[in-house]
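Here is a short tour to follow with the model open beside you. Have a look first, and then we can go through it together.

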Amino acid sequence: MLILYLSPQSSSAADISSGDKEQLLLLLKACADITEYDSSSYNEHELMLRMLYTYRNFTVLSDIAPQSGGTADKKLLNSAFVDDAMYRAFRIKPEHPDVSRLTELGYCYSGGYYYYTGGYSGYFATDVKEIKSISKISDSAYYIVFTDTFTDSDTPLTKEESTAVAARDDDGFYLTELHMGGYPNPSPTYTAAPSGVSAARSTLKQLLPVIILLLTLAAAAIVFYTYII
């Protein structure tokens, strides 16, 4: 059995400019307190609550004013800001749940505002410091390794390494995965194979019928000489 291990290709300067890198850094800073996200498997309502609780981080992505307000028990945010930030960060167009679902979901929509209850009870802070590497994993997706610091009421300031996967479309970059303080499990599938690996696969495919024929002839010869002669 031939097993080929594919490694990600480092992005060239043509793929990631300094402006692109700055955009990715802002995206990571905005989303860092979401902590964990995978676009293939996530709870939209939980993601919305995390965004609402940390909405100040997302102001770097949107030019729309949050227009926050409300009381300690029921807060509110401008829905235009939330919807814009969620689209820019994750390419998600949020549901606008009816007021009757406030108790069920922890948030609802009414008259151009999201109303929500609850929030994080303890202090914590995350600060994305630096992008260490960006690797291309498909025509429009990039695997990012970056450093950040984290602290809360029980944890001294700690430097950690985190990872994310970002995609790019006509509107720019957005996240499809985020793994603060660790690596995705399983690791992302790298689809950008080096040309040498691609050539080896192509050659093997072309020679496969000949290899099968030679093995068949060899087996027949062994049987002939063993049992007939």
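With which side chain does the side chain of Arg91 make a polar contact? The partner is the side chain of Asp169, at 2.8 Å (a polar contact is a pair of N or O atoms within 3.5 Å, one able to donate a hydrogen and the other to accept it; residues adjacent in sequence count only if both atoms are side-chain atoms).

## About the model

This is a predicted model, in which local features need pLDDT of at least 70 and side-chain atom pairs count only at pLDDT 80 or more, while totals for chains, interfaces and linings use all residues. Residues are numbered from 1 along each chain as its sequence is written, and side-chain values use heavy atoms, leaving out hydrogens and water.

## Around Arg91

Arg91 sits in the loop between helix 3 (79-90) and helix 4 (102-105); helices are DSSP runs of H or I with at least four residues, strands runs of E with at least two, numbered from the N terminus. With a relative accessible area of 18%, Arg91 is buried (under 20%; exposed is over 50%, partly exposed in between, with a 1.4 Å probe and protein chains only).

Arg91 also lies over the face of Tyr87, 4.8 Å from the ring centre (the cut-offs are CZ of Arg or NZ of Lys within 6 Å of the centre and within 35 degrees of the ring normal).

## Aromatic pairs

The whole structure holds eleven aromatic pairs (ring centres of Phe, Tyr or the six-membered ring of Trp within 6.5 Å; planes under 30 degrees apart are stacked, over 60 edge-to-face, the rest tilted). Tyr55 and Phe81 are edge-to-face, because their planes stand at 80 degrees, with centres 6.4 Å apart. Both Tyr55 and Phe81 are buried.
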